[in-house]
Amino acid sequence: THFGFQTVTEAERREKIYHVFESVAKKYDVMNDSMTLGIHRLWKDILLHKMNPSPGTLLLDVAGGTGDIAFRFINYVRSARERQLQQKLKHHQNLSWQEISESYQEDKFKSLGDSQVVVCDINKEMLKVGKQKAQHLGYSEGLSWVLGDAEELPFDDDKFDVYTIAFGIRNVTRIDLALQEAYRVLKPGGRFLCLEFSHVSNPLLSRLYDLYSFQVIPVLGEVIAGDWKSYQYLVESIRRFPPQEELKAMIEDAGFFKVDYQNLNSGIVAIHSGFKL
Ligand code: SAM
C-alpha cells in the first residue's frame, strides 16, 4: 500500500490516519455524500432505528467525527418525545386547542428530556467541523464533544446505555482494545452498535464495487478535495477490515453477548450489535 502498513509501526499508522482525517475534515461531509451517492445517510438512519433510543438514553458515539450520528440521535429522541406528548394530549380532551398547542410547542422545543449524547473523536479538526455544524443547525442541549482515543476512553466504567461507532472502527489501530473499552464504559444491559463498511459476498456486485472503489473514489477525492491519497487510504482500509463473521468473533471475545450483524446492500456495510450483561 502507499503507506506500507506491513512495515510501519502502530504509532506511525496512527499518525498517518490522524493526518488523513485532519486533511479531509472540512470536505468530509461533501465527500461522504458523493462517495456513497448519499446512501450513508440511509445507513445511519437504519442504525438509529435499530438503536431505537428511548427518552433518557445516554449515548456515547465514538469516532463521532462531524456529528452525524449524534444529530440523528437528537432528532430521533425529540420525535419520540413528541409522539409521547401527542399520546398524552389525546387523553386530555377537556383542554382547549390553544392550551394543547401551547403545551405541545413548549415541550417540542424544550429539550431532549434526560437524553444525552457524547461525541468522542481523536481528531481535533473533525470535532471542530462537527461543533460548527451543531451551532449552525441549532443543536446544543444534551450534546457534548470530547477529544479522546477509542482505545483508551476518557470515561468511567458502566456509564453509557449505548455505544456507537460508525465508519470508525476500521481506522482504530487496535480493534481489540477499542472493543474492550466499549465494554468497560457501557452499563450492564447496555448495547454496542457498530456501523462499518464490510465485505460483499455476491461476486458480480463485488467486482463492480471494487471497480468503483479503486477507480472512482480516489478520483472523486482528487477532484472534490484535491486529495487522492487520503481517499485511496479509505478504500484500502475498507479492504483490510475483517469480514462480518471475524468481527463478530472479536466482539464476542471482548465479552459481549447476543452478538449478531445485519448486512446492508449485500454487505457493502454491516451493523454489528452486542449487549453487555
Ligand atoms: N462517525 C462519523 C461518521 O459516520 O460520519 C465519522 C467517521 S470518519 C470515517 C472516522 C473517524 O474516526 C474520524 O473522525 C477519525 O478521526 C476517527 N478516529 C480514528 N481513529 C480513532 C481513534 N483511535 N479514536 C477515536 N476516533 C478515531
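Helices α2 and α8 cross in a right-handed sense, where right-handed means that the near helix is turned clockwise from the far one by less than a right angle, and left-handed anticlockwise. The model is predicted, so local features need pLDDT of at least 70 and side-chain atom pairs count only at pLDDT 80 or more, while totals for chains, interfaces and linings use all residues. Residues are numbered from 1 along each chain as its sequence is written.

**Helix packing**
- Helix α2 (residues 28-36) packs against helix α8 (residues 203-225) at an angle of about 145°, and their axes lie 10 Å apart.
- On the α2 side V30, M31, S34 and M35 meet I217, L220, G221, I224 and A225 of α8, a contact being C-beta atoms, placed from the backbone, within 7 Å.
- This contact of α2 with α8 comprises seven nonpolar, two polar and no charged residues.

**Nonpolar cores**
- In the largest nonpolar core, of 47 residues, Y163 and L195 touch the most other members; such a core joins buried residues (20 or more other C-beta atoms within 10 Å) through C-beta atoms within 7 Å.
- Strand β5 (residues 186-197) contributes the largest share of this core, six residues.
- A second, separate core has 14 residues, among them I17, V20, L127 and V129.

**Ligand surroundings**
- Around the ligand are 20 residues, of which A63, G65, N123, A150 and A166 come nearest, counting a residue whose C-beta atom, placed from the backbone, lies within 6 Å.
- Helices α1 (10-24) and α4 (68-90) are the elements that give two or more residues to this shell.
- The shell has 11 nonpolar, five polar and four charged residues.

Notes
Buried ≥ 20, exposed ≤ 12 C-beta atoms within 10 Å, placed from the backbone. Helix = DSSP H or I, 4+ residues; strand = E, 2+ residues; numbered from the N terminus. Axes fitted to C-alpha atoms, helices over the stretch in contact; angles between N-to-C directions. Contact = placed C-beta atoms within 7 Å. Nonpolar A, V, L, I, M, F, W, Y, C, P; charged D, E, K, R; others polar.
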